[in-house]
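Biologist: Hey, I've just opened this one and I'm new to it. Could you walk me through it?

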Amino acid sequence: MASADPARPGFQLPLLLLAGFRTLIDDLHAELAREGHPELRPLHGFVLQAVGVDGTTATELGQRLGISKQAAGKTVDRLVAVGYLERIDDPRDARRRLVRVTPRGADGLRRSAEIFDRLRERWAETLGPERVDALEDDLRTMAAANWFRLDVPGWFGG
């Protein structure tokens with residue numbers, strides 16, 4: 001087995017991946033703020049995605065995110081207060097309250113997708129489109145089959 005390159009210690013790989021992720025997310029939120037969504041934070045994107053098009057309960061939201069019902073409820077409260085989510089009566093069960101994405105929340109998600117496309121283009125301009133394609137292909141090869149998971153907040157925090 002070959003010895004590790006001292007100029008490239010193993011611990012740097014996850015830190016560089018995290019730094020790339022952080023750069024993209026920081027750039028996303030700077031653009032979102034300029035486009036009228038200064039309240040959105042990185043966690044909020046996971047929450048809005050986890051709520052989904054049909055809405056969900058706070059308990060189900062916590063399960064999807066891998067966080068407690070209380071933490072989910074607190075985050076929902078914040079997003080309701082700034083207009084990204086709303087609480088409604090469940091039309092199928094009057095005992096339940098649903099959380100659903102508002103038009104403002106949907107706008108934030110739409111703009112996020114558009115901004116991510118522009119950020120990818122910037123990376124391609126800097127690194128070259130072939131290198132960005134190869135980076136994505138390599139990450140798909142190394143990532144788990146279910147790489148898009150909404151429980152990142154709970155995984156990170158707990």
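Modeller: Here is a chat that goes from the whole chain to a few single residues. Before we start, this is a predicted model, where local features need pLDDT of at least 70, side-chain atom pairs count only at pLDDT 80 or more, and totals for chains, interfaces and linings use all residues. Residues are numbered from 1 along each chain as its sequence is written, and side-chain values use heavy atoms, with hydrogens and water left out.

Biologist: Fine. How many helices and strands does the chain have?

Modeller: Seven helices and two strands. Helices (H or I, at least four residues) and strands (E, at least two) are DSSP runs, numbered from the N terminus. Along the sequence the pattern reads α-α-α-α-β-β-α-α-α.

Biologist: And what box do the C-alpha atoms fill?

Modeller: Roughly 65 × 35 × 20 Å, taken along the principal axes.

Biologist: What share of the residues is buried?

Modeller: Buried residues are 28% of the 158 in the chain. Buried means under 20% relative accessible area, exposed over 50%, and partly exposed in between (1.4 Å probe, protein chains only).

Biologist: Now single residues. Where is threonine 57?

Modeller: Threonine 57 is in the loop between helix H2 (42-51) and helix H3 (58-65).

Biologist: Is threonine 57 buried or exposed?

Modeller: Buried, because its relative accessible area is 10%. Threonine 57 touches Arg96, Arg97 and Leu98, leaving aside residues up to four places away in sequence.

Biologist: And which backbone atom lies 3.1 Å from a polar atom of the threonine 57 side chain?

Modeller: That's the backbone nitrogen of glutamate 60.

Biologist: OK, on to arginine 100. Which strand is that in?

Modeller: Arginine 100 lies in strand S2 (residues 93-101). At 37% relative accessibility, arginine 100 counts as partly exposed.

Biologist: Which side chain does arginine 100 make a polar contact with?

Modeller: The side chain of glutamate 86, at 2.6 Å. A polar contact is a pair of N or O atoms within 3.5 Å; within protein, one must be able to donate a hydrogen and the other to accept it, and residues adjacent in sequence count only if both atoms are side-chain atoms. Beyond residues up to four places away, arginine 100 also touches others, including Val51, Gly55 and Tyr84.

Biologist: What about proline 42?

Modeller: Proline 42 is in helix H2 and is partly exposed, with 43% relative accessibility. Not counting residues up to four places away in sequence, proline 42 touches Ile25 and His29.

Biologist: And where does arginine 41 sit?

Modeller: In the loop between helix H1 (12-34) and H2. Arginine 41 is partly exposed, at 46% relative accessible area.

Biologist: Last one: where is asparagine 146?

Modeller: Asparagine 146 is in the loop between helix H6 (129-142) and helix H7 (152-157). From asparagine 146 to leucine 119 is 27 residues in sequence and 24 Å in space, C-alpha to C-alpha.

Definitions and conventions. Contact = heavy atoms within 4.5 Å.
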